[in-house]
Amino acid sequence: MNSVNKNEYIDYLKGLAIFLVVVGHCWLTEYGMFWFIYRFHMPLFFCISGYLFKNNRTFKQFIFNKLKHIILPYFVYFVISFVLVNIYFEPVSISNAFKYFLLNGSYLIYVNNYALWYLPLFFLVSLIFYFILKVKNKYVYYIIIFIFGIFTVPSYRYMHLYFNDFIPFSLQVLPAGIFYLGIGKMIKDIKIKNYLELIKNYNLIAIFISILCFLLGLYFTRNDSIQILNITSYSYLISSLFIIVSLIIATYKNNNYIFVYLGKRTLPILGLHRIFLFILSFKKIDIFLLKYNITGFLASLIVSSFCICIICILYEIFNHLKSIIFRKSLAFL
């Protein structure tokens, strides 16, 4: 598999994951589908990040890169959220906004963009993982990742007990984030694409393994309504990994251009979708859909797709204007 196809496949998985994130956050998504999506969509993001993770830079270069690509977008999307909340909802003072920005986590509900919790948390997780990857002995590395997996449940219980629901920086997710990053790196280390190539040569076997993993994933959390933000049972880790493996096998070498496109634009979609979903709900778009007897999961797919289209169009317009300004600046110089 050449590098282009490999990158397209990774973008495909990222596009699928971000689409499910938006669907999961859509107010029209039914309860059962909501909890199904929440079993694996953020773990999938962490695993992909672990697969792509590189620590071949100096720490100074690494920090600068993460500040530029994680913290700066977090600041931009927070400011946009703050402005729109003041327009469409009740005003938020500058001092409170500063507090919410610094503490993030559950405090982001006050700017109606709770999805932004992922960015500061991912920044912290990446810093720790950078040093974990300095461990040369792979068995010691596996033990460290396993230990973080063990701490996922007590982390939530302790943090919830100490901070109640307003846990700063979503720190309860930190052990799980490192665990899933580690799993993603392990997947790369074992050269999983070689096994996928072998399985894909026997389509019936690939289908069977994919369905089996999927069913096992459903089985392990059949009685749990949990997500990565409140892992109360280790069955969540097992379930999410089975479903992720199922998706990897089922979608291997897929490069549907829509999901590939979305995969290249996960950051603006992640940062803006809650804002636009809120505006759409405020505009009572569900009443319009009900008029044409469009309800349930179909309605959530339509609204989510429309929301993503708006973001992508605005993103392309912004990029186009930025390129024009840049060219004019060069011409002026």
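Which residues is asparagine 255 in contact with, leaving aside its neighbours within four places in sequence? They are Glu8, Tyr12 and Val260. This briefing concerns a predicted model of a protein with 333 residues. Its secondary structure comes to 16 helices and zero strands. The points below begin with the whole protein and then turn to single elements and residues.

**Overall form**

- The C-alpha trace of the protein spans about 55 × 55 × 50 Å along its principal axes.
- A compact globule of 333 residues would have a radius of gyration near 20 Å, and the protein, with 21 Å, agrees with that expectation.
- Of the 333 residues, 48% count as buried.
- The accessible surface of the protein comes to about 17600 Å², and carbon and sulfur atoms account for 69% of this surface.
- Among the contacts in the protein with a separation of 6 or more, 81% are between residues 24 or more positions apart.

**The nonpolar core**

- In soluble globular proteins, nonpolar side chains tend to be buried together.
- The largest nonpolar core in this model has 102 residues.
- Helix α1 (residues 3-25) supplies the largest share of this core, with 12 residues.
- The residues with the most contacts inside the core are Phe46, Phe78, Trp117, Tyr118, Phe129, Tyr180 and Ile228.
- When residues up to four places away in sequence are not counted, isoleucine 228 touches Tyr38, Met42, Pro43, Phe46, Trp117, Val173, Ala176, Tyr180 and Tyr236.
- Three of these partners, Phe46, Trp117 and Tyr180, are themselves listed with isoleucine 228 as having the most contacts inside the core.

**Helix α3**

- Helix α3 covers residues 41-52, and at 1.5 Å a residue its 12 residues should span 16 Å. Its end C-alpha atoms are 17 Å apart, which agrees with that value.
- The helix is mostly covered, since 11 of its 12 residues are buried.
- The buried residues of α3 are His41, Met42, Pro43, Leu44, Phe45, Phe46, Cys47, Ile48, Ser49, Gly50 and Tyr51.
- Met42, Pro43 and Phe46, which belong to this buried group, are also among the residues that isoleucine 228 touches.

**Serine 126 in helix α6**

- Serine 126 is found in helix α6, which runs over residues 118-132.
- This serine has a relative accessible area of 0% and is therefore buried, as the cut-off for buried is under 20%.
- A polar atom of the side chain of serine 126 lies 2.7 Å from the backbone oxygen of phenylalanine 122.
- Leaving aside neighbours within four places in sequence, serine 126 is in contact with Phe53, Phe62 and Lys66.

**Asparagines in loops**

- Asparagine 56 has its place in the loop between α3 and α4 (59-88). With a relative accessible area of 65%, asparagine 56 is exposed.
- Asparagine 56 and lysine 134 are 78 residues apart in sequence, and their C-alpha atoms are 9.9 Å apart in space.
- Asparagine 112 lies in the loop between α5 (94-103) and α6. Its relative accessible area of 19% makes asparagine 112 buried, because buried means under 20%.
- Not counting residues up to four places away in sequence, asparagine 112 touches Val85, Arg274, Ile275 and Phe278.
- Asparagine 255 lies in the loop between α12 (235-251) and α13 (257-263). This residue is partly exposed, with a relative accessible area of 40%.
- Asparagine 255 and cysteine 312 are 57 residues apart in sequence and 19 Å apart in space, C-alpha to C-alpha.

**Positive phi values**

- Asparagine 104 is a residue other than glycine with a positive phi, near 40°. Its place is in the loop between α5 and α6, and at 2% relative accessibility asparagine 104 counts as buried.
- Phenylalanine 169 is also a residue other than glycine with a positive phi, near 60°. The loop between α8 (152-163) and α9 (174-189) holds phenylalanine 169, which counts as partly exposed at 29% relative accessibility.

Note on methods. Residues are numbered from 1 along each chain as its sequence is written. This is a predicted model: local features need pLDDT of at least 70, side-chain atom pairs count only at pLDDT 80 or more; totals for chains, interfaces and linings use all residues. Side-chain values use heavy atoms; hydrogens and water are left out. Helices (H or I, at least four residues) and strands (E, at least two) are DSSP runs, numbered from the N terminus. Buried means under 20% relative accessible area, exposed over 50%, partly exposed in between (1.4 Å probe, protein chains only). A polar contact is a pair of N or O atoms within 3.5 Å; within protein, one must be able to donate a hydrogen and the other to accept it, and residues adjacent in sequence count only if both atoms are side-chain atoms. Contact means heavy atoms within 4.5 Å. The expected span of a helix is 1.5 Å times one less than its number of residues. The radius of gyration is taken over C-alpha atoms; the globule rule is 2.2 Å times the number of residues to the power 0.38. Accessible areas come from the Shrake-Rupley method with a 1.4 Å probe; for residues, only the protein chains shown count as cover. A nonpolar core is a set of buried Ala, Val, Leu, Ile, Met, Phe, Trp, Tyr and Cys residues joined through side-chain atoms within 4.5 Å.
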